[in-house]
Amino acid sequence: MTGRTPARFTADDYRARMERAVHAAGDAGLAGLLVAPGPDLVWLTGYAPPAATERLTLLVLTPDRDPVLVVPALEAPDAAAAVGAPALTLRDWTDGKDPYAATAALLDAGGRFGVSDNAWAMHLLRLQRALPDSSYASLTEALPMLRAVKDATELELMAAAGAAADATFEEIRKVPFAGRKESEVGADLAGLLRRFGHSQVDFTIVASGPNGANPHHEVGDRVIEHGDMIVLDFGGLKDGYGSDTSRTVHVGEPTEEERRVHDLVREAQEAGFRAVRPGVACQEVDRAARAVIADAGYGEYFIHRTGHGIGVTTHEPPYMIEGEEQPLVPGMCFSVEPGVYLPGRFGVRIEDIVTVTEDGARRLNDTTRELVLVD
């Protein structure tokens with residue numbers, strides 16, 4: 001992830017997030033958290049280093065001291081300019097010094113720490129060498145729900161990202177499809193996402209005809225033909241928060257089977273959405289959508305989970321999948337995206353981002369879920 005989150009977040013917002021993270025770490029039996037550059041660092045501090053670097057940058061969160069950001073001296077001015085900087089102490093280091101010894105001095109020598117998943121192995125191994133009795137756990141495994149519940153401002157940003165993706169779909173359905181390569185339509189999608197405010201485009205899947213049976217086909221050189229079913233799945237980041245939506249369109253009139261399968265997936269998507277309410281386990285959303293497809297005889301062709309969390313990244317916990325017993329909480333945001341994929345023929349997927357409310361759920365995507373015919 002690049003850039004900073006919007007200035008509408010204050011230093012107090014970031015301070016509260018870091019305090020919440022420390023408390024969550026203690027509840028999980030951890031001595032603290034070590035957060036490397038990436039989405040967790042941006043969410044906790046508002047700071048994203050200007051580029052990937054081999055120099056150590058690490059946020060240290062422990063219950064016995066204020067947050068400390070260990071940062072290379074040449075990047076300290078950028079870190080100090082971050083909105084969340086007043087809520088932490090900057091500890092800069094210069095080339096030729098040992099940042100691992102300086103970091104180790106901030107930590108319990110025998111503690112177990114949660115580490116953000118994208119920390120470089122080089123940095124973690126050097127830190128472990130400085131603290132041979134320490135141990136580490138993946139932050140996603142130890143605190144999977146850390147970023148899952150969004151506050152009111154985050155929900156506004158999520159809704160705005162969803163609206164931008166919806167505007168993109170309304171425009172893309174107007175462009176010609178037949179006779180053009182998937183990659184050309186994909187470029188149109190990327191351009192539209194940027195036109196409607198996205199700073200980052202994460203994916204533009206255009207899966208036509210038999211390519212639609214591959215859920216992660218993305219784009220290729222296949223020329224779209226009259227009679228093709230086309231899965232469109234696209235999203236990215238707008239003002240630091242994610243969008244992700246899927247709609248399936250058809251070039252010309254569909255066959256009876258194509259329409260039937262599309263209607264089935266639409267019904268499954270609605271069932272998954274209606275299963276969302278506080279206290280329900282994530283797996284129940286998957287079960288509700290999957291049951292509709294299985295009962296119609298297409299269960300073996302629904303080959304992925306029903307949904308994934310979304311926030312400052314387009315894929316994050318929680319996951320709507322069998323075995324995930326995490327209860328839904330108001331403010332969680334995730335996709336509901338069942339699909340049917342018939343090998344060598346076509347695929348259908350319909351996806352909305354939804355958020356859990358106090359008494360149910362709200363969709364953050366509002367474009368039609370009916371089968372759209374395109375030229």
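Helices (H or I, at least four residues) and strands (E, at least two) are DSSP runs, numbered from the N terminus.

This is a predicted model, in which local features need pLDDT of at least 70 and side-chain atom pairs count only at pLDDT 80 or more, while totals for chains, interfaces and linings use all residues. Residues are numbered from 1 along each chain as its sequence is written, and side-chain values use heavy atoms, with hydrogens and water left out.

Two strands pair if DSSP finds at least two bridges between them. Strand β12 (residues 333–336) pairs with β15 in the antiparallel sense over four bridges, and Ser-335 has Ile-353 of β15 as its bridge partner. Strand β16 (residues 361–363) also pairs with β15 in the antiparallel sense, over three bridges, and here Thr-355 has Arg-362 of β16 as its bridge partner. β15 and β16 form a hairpin, with four residues between them.

## An open sheet of four strands

Four strands form an open sheet with mixed pairing, in the order β7-β8-β9-β17. Its edge strands, each pairing on one side only, are β7 (200–208) and β17 (372–374). Neighbouring strands of this sheet are turned by 30° against each other on average, direction ignored, where axes are lines fitted to C-alpha atoms, for helices over the stretch in contact, and angles run from 0 to 180 degrees between N-to-C directions.

Within the sheet, β7 and β8 run antiparallel and are joined by eight bridges, with Phe-203 standing opposite Gly-235 in β8. β8 and β9 pair in the antiparallel sense over 10 bridges, and Lys-238 has Tyr-241 of β9 as its bridge partner. These two strands form a hairpin with two residues between them, and Asp-239 in the turn has a positive phi of about 50°. The pairing of β9 with β17, by contrast, is in the parallel sense over three bridges, with Val-374 of β17 as the bridge partner of Val-251.

Because 10 of the 10 residues of β8 are buried, this strand is largely enclosed by the rest of the structure. The helix α7 lies across β8 (229–238), β9 and β17, and runs at about 25° to β9.

## Aromatic rings

The structure holds four aromatic pairs, a pair being rings of Phe, Tyr and Trp (its six-membered ring) whose centres lie within 6.5 Å, with planes under 30 degrees apart counted as stacked, over 60 as edge-to-face and the rest as tilted. In one of them, the rings of Phe-9 and Tyr-241 have their centres 6.2 Å apart and their planes at 45°, so this pair is tilted. Since Phe-9 lies in the segment before α1 (11–27) and Tyr-241 in strand β9 (residues 241–251), the pair ties together parts that are 232 residues apart in sequence.

Phe-9 is buried at a relative accessible area of 1%, and Tyr-241 is buried at 0%. Together with Tyr-14, Phe-9 and Tyr-241 form one aromatic cluster.

## Nonpolar cores

A nonpolar core is a set of buried Ala, Val, Leu, Ile, Met, Phe, Trp, Tyr and Cys residues joined through side-chain atoms within 4.5 Å. The largest such core has 35 residues, of which Leu-33, Leu-44, Leu-59, Leu-61 and Leu-69 touch the most other members. At least two residues of this core come from each of α1, β1 (32–35), α2 (39–45), β2 (58–61), β3 (68–72), α3 (76–81) and α7 (152–172), and the largest share, five residues, comes from α1. A second, separate core of 18 residues includes Ala-165, Leu-192, Val-206 and Ile-230.

Contact means heavy atoms within 4.5 Å. Leaving aside neighbours within four places in sequence, Leu-59 is in contact with residues including Met-18, Leu-33, Leu-44, Pro-67 and Leu-88.

Technical notes
Buried means under 20% relative accessible area, exposed over 50%, partly exposed in between (1.4 Å probe, protein chains only).
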